[in-house]
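Open the model in your viewer and keep the sequence panel beside it. The stops below are given in the order in which to select them.

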Amino acid sequence: MVHGASVRSRSDGKSAWERWFGMRRKKRWILLLVLLIGAGAVWLELDTILLWYYTRNLKQANKEDASKWATRLASLEEKAIPEVLDCLKDSSHQICSNARCTVCCLIKRWGAEDPRSVECLRRLIKCFPHLSEQGRCAVLESVLEWTRQHSPRSSALCCALTELIAELPHYREEPLLHLAGELALRVAGVPSTKAELLPALRELALLGLSSSQEKTRLVYLKLATLPRLKLRKDLVPLLKDSSPLIRRRALREVAFPNKTEPEIILTDNLIRWLHDPDFEVRQICERALLRRGLTRRQVHLARQITDS
């Protein structure tokens with residue numbers, strides 16, 4: 001009895017070991033299968049994980065670290081653009097600056113003439129009204145940087161630029177107004193600029209001429225002198241500007257008649273600038289009067305008569 005029981009125990013023990021070993025083997029296969037599925041899922045979602053990680057660090061990056069995280073986010077190429085747009089909706093100047101850095105990395109990675117670069121800029125322009133003030137400035141800086149080096153040949157980009165210029169007169173705050181003037185000056189100076197864009201450029205120029213910032217008024221003064229806009233007569237109020245530099249440039253534009261436009265300011269009215277506080281303004285006025293046929297003696301007498 002005891003011997004028989006012992007044999008059964010050994011037999012049962014061996015059978016139990018086999019069952020246990022078999023169960024361990026199944027578990028190992030199941031575990032391996034789970035790991036393979038998990039690894040596959042991670043691989044499929046790797047870009048999503050990296051997108052989240054890079055964007056998170058880009059938003060938290062300071063000026064020194066921004067380039068590193070912008071480069072890494074740009075390595076994900078087109079997938080990075082929605083994240084960049086999201087960053088540009090933030091009111092933080094640093095976050096928007098980091099987003100602009102990413103745009104620069106994308107364009108550098110693809111090349112300025114690459115259709116993907118053009119599409120990236122087009123999407124930035126399309127989203128312009130929905131961005132923060134800092135984000136709008138970053139977009140204008142990005143577009144301006146691109147247009148300084150390349151003329152907008154793509155029809156899609158030309159249409160987007162037209163929409164952007166038409167949108168800009170709604171924004172009067174600095175430094176957005178200054179950047180808008182720089183971009184408008186660049187676009188208006190391109191011979192291929194469409195005639196439909198000229199009314200928006202004129203409206204923007206008149207708005208910029210009344211800016212409180214001297215550097216902004218100077219940009220729009222240059223814009224307003226472009227023959228296509230026909231705004232020379234609107235420069236006359238600038239002859240009373242507080243800035244001598246602006247008075248000089250405005251006087252050069254309105255005091256000397258040209259072939260395409262009649263005399264903008266009458267000689268009798270021009271004489272008063274012989275008494276301008278700025279020496280250069282007085283010199284420009286005198287040259288203009290001489291160009292109009294007055295002698296030096298007549299100019300001298302006009303200065304004495306109008307002296308008050």
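Start with K230, which sits in the loop between α11 (214–224) and α12. Helices here are DSSP runs of H or I with at least four residues, strands are runs of E with at least two, and both are numbered from the N terminus. The model is a predicted one, in which local features need pLDDT of at least 70 and side-chain atom pairs count only at pLDDT 80 or more, while totals for chains, interfaces and linings use all residues. Residues are numbered from 1 along each chain as its sequence is written, and side-chain values use heavy atoms, with hydrogens and water left out.

**Backbone stops**

Stay on K230 and check its backbone: phi is near 55°, a positive value in a residue other than glycine. Its relative accessible area is 60%, so K230 is exposed. The cut-offs are under 20% relative accessible area for buried, over 50% for exposed and in between for partly exposed, with a 1.4 Å probe and protein chains only.

Next select E77, in the loop between α3 and α4 (81–87). E77 also has a positive phi, near 55°, and is not a glycine. With a relative accessibility of 24%, E77 counts as partly exposed.

Then go to P175, in the loop between α8 (155–167) and α9 (176–188). The peptide bond that leads from E174 into P175 is cis, with omega near 5°. Why look at these backbone values at all? Most residues other than glycine have a negative phi, and most peptide bonds are trans.

Select helix α3, residues 66–74; its buried residues are A66, W69, A70, L73 and A74. Looking down the axis of α3, you will find these buried residues within an arc of 140°, so they line one face of the helix. The arc is taken over the directions from the helix axis to the C-beta atoms. An α-helix has 3.6 residues a turn, so residues three or four places apart point the same way.

Rings of Phe, Tyr and Trp (its six-membered ring) pair if their centres lie within 6.5 Å; planes under 30 degrees apart count as stacked, over 60 as edge-to-face and the rest as tilted. By this rule there are four aromatic pairs. In one of them, Y53 and Y54 have ring centres 6.0 Å apart and planes at 50°, so the pair is tilted. Y53 and W69 make an edge-to-face pair, 5.6 Å centre to centre with 85° between the planes. Y53 belongs to helix α2 (residues 46–60) and W69 to helix α3, so this pair ties together parts that are 16 residues apart in sequence.

Y53 is partly exposed at 37%, Y54 is buried at 13%, and W69 is buried at 8%.

**The nonpolar core**

Which residues touch the most other members of the largest nonpolar core? Select L88, L124, L140 and L251, out of the 89 residues in that core. Helix α9 gives the most to this core, with nine residues. A nonpolar core is a set of buried Ala, Val, Leu, Ile, Met, Phe, Trp, Tyr and Cys residues joined through side-chain atoms within 4.5 Å.

Zoom in on L124. Apart from neighbours within four places in sequence, L124 is in contact (heavy atoms within 4.5 Å) with V84, L85, L88, V103, L131 and V139.

**Helices α12 and α14**

Move to α12, where I246, R247, R248, A250, L251 and V254 are buried. Among the elements that cover them are α11, α13 and α14.

Now select α14, residues 279–291. Its 13 residues should span 18 Å at 1.5 Å a residue, and its end C-alpha atoms are 18 Å apart, which agrees; the expected span is 1.5 Å times one less than the number of residues. Its buried residues are V281, I284, C285, E286, A288 and L289, and their cover includes α12 (244–254), α13 (267–270) and α15 (296–305). After α14 comes G293, with a positive phi near 110°.

**Last stop: H275**

Finish at H275, in the loop between α13 and α14. H275 counts as partly exposed, at 30% relative accessibility. Leaving aside neighbours within four places in sequence, its contacts are R282, R303, T306 and D307. Draw a distance from H275 to R303: their C-alpha atoms are separated by 7.4 Å, although the two are 28 residues apart along the chain.
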